[in-house]
Structures are given as C-alpha cells and as structure tokens.
Amino acid sequence: TAGPGQPGPAACASWCRCDGDGRADCSGRGLAGVPERLSAFTYYLDISMNNITELPANVFKNLTYLEELRLAGNDLTFIHPEALSGLHQLKVLMLQNNQLKTVPSQALRGLHALQSLRLDANHITEVPEDSFEGLQQLRHLWLDDNNLAEVPMGPLGDLGSLQALTLALNRITRIPDHAFANFSSLVVLHLHNNKIKEIGRNSFNGLDNLETLDLNFNNLETFPEAVQALPKLKELGFHSNNIAVIPERAFQNNPLLRTIHLYDNPLSIVGVSAFQNLSDLHSLMLRGASKTELFPSLAGAASLESLTLTGTQIGAIPSWLCEDLHSLRTLDLSYNEIKELPGFQGCFQLEELNLQHNHIQLIHRDTFQGLASLHILDLSRNEITSIHQDAFSSLTSLTNLDLSSNHFSSLPTAGLSSLNQLKLAGNLEMKGPLAPRHFPRLRTISLPYAYQCCAFTGCESVLSATAEDEGKTGVSINADSAEEEERIPLPLHCSPSPGAFKPCEYLLGSWMIRLT
Amino acid sequence: QSPGVSWGCHGGCLTCSAANGCLSCKPRFFFFLERSGMRQVGVCVSSCPSGYYGTRSRSPDMNKCTKCGLSNCDSCFNKNFCMRCKEGYYLYHGKCHVTCPEGLIPSTMQRECVH
C-alpha cells in the first residue's frame, strides 16, 4: 500500500473529495496525519481543520505538482526540516491557526516558488535569522497574532519581493530606524494592535511604494514623523493611540493620501498646515482637539467629501472653506466657539451641516444660499436671535431642521416646505403660533409651548384663536378659512402635546372651560 | 445559557444552534455568514473563502471574514490589495487590470502582468 503522500492507483484517498482535476479536499475529517494515496498530479491539497500535530520528513515527497497546501487549523507543533522537500512549485502555504513556536525555517528553505506564506495565529516568539532564506518570490507574509516582541529585521531582510506584510497583534514596542529598508516593493504594512510606543525618524525609509500603513491600536505618544518617507501612501491609520499633537506640515510628503484615521487620540493641537495639499483626501475626522484655535488649512482638498472638526476653540469658519471643498457632502463643526457664519455657497453638494453647540447669533440672507442638496441642518444650542426671512429660501431639499435652544422670536418659513422634522423647543421668545400649511410634509415637530401644538394636532378651540392671534405675532399666515380647516393628512407628532395642565388657550389658562 | 444555543459544536464553533449554525467562534477563527439556499448559516473558518479576507482584532468575537473591496479579485490580503484576480483579469501590484501597464504582458495562466 502507498505510504502517506505516496501516489496510488486510486485518484483520491477515501478521506478526501477530489475533483479529478488535481484538487483534493480532505479538510475537517479528524485526520491525525497526511492522507495516503493522493494523485501525483494533485496541485491543490486542503488538509486544514484536522488533528495533525507533526509533519514527518518527505510526507509530500511525490506531490511535485503541488501549488497550494492548506494545513490551517491543525495542532502542528513540529515540521520536520525535510517535510516539505520536493514541493518546488508550491506557491501558497497556509500554516495559520497551529501551535508553532518558531518559524520552521529549514522546512521552508527549498520553496523557491512560494508567493504566499501564512504563519498567523500561532505562538511564534522567535524568527531565526535564516527563516526566509531562499524565498525570493515571496510576496505575502502573515505573522500576525503571534508573540513577537520586535520586528524581525534580519530575517525579513531576505524578502526583497515582499508586497504585503502583517505583523499585527503581536507585542512589538518599537520600530527601529531602517526596519524595512529593503522593502521597495512593499505596498501594504499592518502593525495594528501592538504596543508600539516609539517609531524612529527613519523607520519607514525605503518603503517607496507603500500605500497602506496601519498603526491603529498602539501606544504612540507622538505623531509618527517617519511617515514623511512614504511618497505613495494612500491609506494611513493611527487611531486609538495617545497622540496629542498633529504637527505643522504633518503630511507634506504624502500627497496621495485618501484616508487618515486618527480618531480616539487625546488630540489637543492640530497644526494649521497639517492637512494642506491633500487633493485625494476623501474624509477627515478630528474630534476634541481642545486647544486648537485656528481652522486647519484644507487648501487643495478638492476630493474631501466628509469633514468633522468638533470640540475645538475655533471661533470662525474661513471664507475660503467652500471655495476649496466643493465636493463636501457632510460637514460637522459642532461643539466649537463659532460666532459668525460665512456664506456656504460653494459647497453646493452639501447634504448634512451640523453647527450645533456654537455661539452663532445671526443667520444672514446668503448664509445657506445655493445649498439645494442640503437635507439636514442642525443649528441647535446656539445664540441665534435673528434669522433673515429668506435665509432658508433655497433649501429645497431640507427635510430635517433643528433650531432648538436658541433665542429668536419668529421663524421664517420660506423654503421649508420639504421639512418632515422641525425642532424649535427651547426658544422661549418664540410665543406666536405656527401655521401648519407651510409644512405640508411635516411628521415631527417640537415647539416651545404646548398651545402651539394645537394648530398641528387639532384642538378645536384654538383654530379661531390662531387666526385672531396671527396679526399680533407678525407671522404671515394666509387667513383663508377653508385652507385653515384642512388637516395635515400625514400622522404628525407634535411636542409638548397640550393637556389638562397645558391648555390650548394661551392666556389665563381658561380653567373654567377645562372644568365644564 | 439561552434556549436553542449549544456549546457542543464542531470545528471552530464556540456556540451554535440548529437553525443558524455557528453563532460565535473559538479564538483565532474567523466568523463567516455562508449562504445556504435562502438561509444564511454561520461558520467558523481558519481561512476565509474566495473573495474574502480575514480581519483579526484583540477581541476574539471581532475576527471575521470581510469582502474584498476590489472588484475582479479572487483572493485579497486586505480590502484594497489583491493577491489573485478572477479569470480575464491580470494582477499588478495588488490591483486587477483588464490590460497590463506598458512594458508588461498578461500571463493568462498566472492571471498576472509579467515582464
């Protein structure tokens, strides 16, 4: 009978499913060893998810056509130096989810055609110097989810063709200078979920083609200036670190950046010139840079679609904002110290604008002029005392308007016919009624006083009062009685809803009517 | 223990149910929602199926298979870096091309742009 791995008359071992074309799937069969009697022409062999603890010498000796070998999810603790001999055409070797404590360097030596090597999710603490000798074709290497305490610079030095490397989820604490010096072909480098506290000024020298660098979930305390050596960088992540300052000209050498993930850092200062000339930048989120006083320059950020800049001491929005950022769709400038609004004309693609919790006092005629795509506008918790009557006239797509907790006394309704949510609670100076017909699509409205809800939710006694009061409050309501009788057909929720102790009449509470 | 959930599951499963398959995975395995007719069934794998890649995180229940972000990619290292293209496309520096950049020729067998 044929030994393990030896070719046999039958095209396939009884444990496996073979397609007769060179693919054998023997995964999840509870095997304790490599199945026997495999076809000599097998090019794909999957023996993952079995109980194989060791690979003896020459176990694949006659599978010389093998290109992909899957051994993931076994209990491999030992691979004999001669175990993989004869596999001269092997391109993909999967050893992840095993119990290896070191890289089986001798076993890998003869795999000259290997392109992808998975060693992730083992218990590797040691990477021998000669681990990857002879693997000149290697392109993709997984060493993540192991126990490495440092970047294995020596062994990695042999891998000049490497294009993608992950060392994530290890215990690496620092990246020395020139750690990746020979990696001019590297495109992707994952270092997330380590304990990296220190990155040398020249750590990333040599990575001329790197496009993705992931430093998320580490212990960095200063901005990694080493990124300045990465001219092709497109995606950079260092969220969930301890970085307080983004320095001036931070990304001056990274003109191709599209995404920068830097949230969940205790930011306090952002250099004004940090984000200049990033014409491919797609989105930028800066929260809580509490000591930042000046709006960072976003000159040249023509592709920016989403900007979040909250929790700073910024007091003004630069007038150039919409001249540069004409691709902007969402803009969140809440929780700053903004007092005055410029015109947002150039931001004609803007869909969401959040200016909540600032110190804005006036809304001018041209503030929101031309924002025909705006759906959501949040101006709540400001100090708005006056809104120009045409301020909303061009907001034909506006569906959600939040003006709660301000100080104005009347609301201009021109342009608000598309609203389905309107929030006005907390505007104690606004005592006059509001006419439902200006809001044909309204579904939810919150008002300063309960009696104002009566016009929306049908308290009979108020309808005449509303027509009478109209003159006093200056709110232009067309007093055509037929139209006044028309109810809003859609179910509408108005708060605070009138009740026994919040009667529809405004003056004297008319207890007598309530009691009879 | 919630009703219908079993801890006696096989392979990389930690908890499972008859109706939904794996509900959670053992550490270091990737969770993947496999289509089974009209249903979706949870499975726990050590390597993700074609067109997906595994993302690992410190919290084990976040290890999952994520779809490659590149169209025409059969096997990817992460969302934006392909390792093997679909038939008719050729790999060059992690991207799949219909035609190869200047100076390179398409190798149909390897599905790559080669010198």
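Student: What is the handedness of the link of B:Cys85 and B:Cys96?

Tutor: This is a predicted model. In it, the sulfur atoms of B:Cys85 and B:Cys96 sit 2.2 Å apart and form a disulfide. The torsion about their S-S bond is -100 degrees, and the link is left-handed.

Student: How many residues apart in sequence are the parts that B:Cys85 and B:Cys96 tie together?

Tutor: B:Cys85 lies in strand S8 of chain B, residues 81-85. B:Cys96 lies in strand S10 of chain B, residues 95-97. The pair therefore ties together parts whose separation in sequence is 11 residues.

Student: Are B:Cys85 and B:Cys96 buried or exposed?

Tutor: The cut-off for buried is under 20% relative accessible area. Both B:Cys85 and B:Cys96 count as buried.

Student: How far apart are the sulfur atoms of B:Cys9 and B:Cys16?

Tutor: B:Cys9 is buried, and B:Cys16 is buried too. Their link is left-handed, with -95 degrees about the S-S bond. The two cysteines form a disulfide with a sulfur separation of 2.1 Å.

Student: What is the torsion about the S-S bond of A:Cys322 and A:Cys347?

Tutor: A:Cys322 and A:Cys347 form a disulfide, with sulfur atoms 1.9 Å apart. That disulfide is left-handed, because its S-S torsion is about -95 degrees.

Student: Which parts of chain A does the pair A:Cys322 and A:Cys347 tie together?

Tutor: The parts are 25 residues apart in sequence. A:Cys322 lies in helix H3, residues 321-324. A:Cys347 lies in a loop, so the pair ties helix H3 to the loop between strand S21 (330-332) and strand S22 (352-354).

Student: How many strands does chain B have?

Tutor: From the N terminus on, the elements run β-β-β-β-β-β-β-β-β-β-β-β. Chain B has zero helices, and its strands number 12.

Student: Why is chain B more spread out than a compact globule?

Tutor: The C-alpha atoms of chain B fill a box of roughly 60 × 35 × 20 Å along the principal axes. For 115 residues, the globule rule gives 13 Å. Chain B is well over that value, so it is more spread out than a compact globule: its radius of gyration is 18 Å.

Student: What share of the accessible surface of chain B belongs to carbon and sulfur atoms?

Tutor: Buried residues make up 41% of the 115 residues in chain B. The accessible surface of chain B comes to about 6600 Å². The share of that surface belonging to carbon and sulfur atoms is 56%.

Student: How far apart are the mean positions of the positive and negative charges of chain B?

Tutor: Chain B has 13 positive and 6 negative charges. The distance between their mean positions is 10 Å.

Student: Is B:Val98 buried or exposed?

Tutor: B:Val98 sits in the loop between S10 and strand S11 (105-107) of chain B. The cut-off for exposed is over 50% relative accessible area. B:Val98 has 59%, so it counts as exposed.

Student: Which residues does B:Val98 touch, not counting residues up to four places away in sequence?

Tutor: B:Lys67 is 31 residues from B:Val98 in sequence, and their C-alpha atoms are 21 Å apart. Contact requires heavy atoms within 4.5 Å. With that sequence exclusion, B:Val98 touches B:Tyr89 and B:Tyr90.

Student: How far apart in space are A:Pro436 and A:Phe456?

Tutor: A:Pro436 lies in the loop between strand S27 (421-423) and strand S28 (444-446) of chain A. A:Pro436 counts as buried, at 13% relative accessibility. In sequence, A:Pro436 and A:Phe456 are 20 residues apart; C-alpha to C-alpha, their separation is 6.0 Å.

Student: What percentage of the residues of chain A count as buried?

Tutor: Chain A contains seven helices and 29 strands. Of its 516 residues, the buried share is 51%.

Methods:
Residues are numbered from 1 along each chain as its sequence is written. Chains are lettered from A and ligands numbered from 1 in the order in which they are written. This is a predicted model: local features need pLDDT of at least 70, side-chain atom pairs count only at pLDDT 80 or more; totals for chains, interfaces and linings use all residues. Side-chain values use heavy atoms; hydrogens and water are left out. A disulfide is a pair of cysteine sulfur atoms within 2.5 Å. Helices (H or I, at least four residues) and strands (E, at least two) are DSSP runs, numbered from the N terminus. Buried means under 20% relative accessible area, exposed over 50%, partly exposed in between (1.4 Å probe, protein chains only). The radius of gyration is taken over C-alpha atoms; the globule rule is 2.2 Å times the number of residues to the power 0.38. Accessible areas come from the Shrake-Rupley method with a 1.4 Å probe; for residues, only the protein chains shown count as cover. Lys and Arg count as positive and Asp and Glu as negative; His and the chain ends are not counted. The place of a charge is taken as NZ of Lys, CZ of Arg, CG of Asp or CD of Glu.
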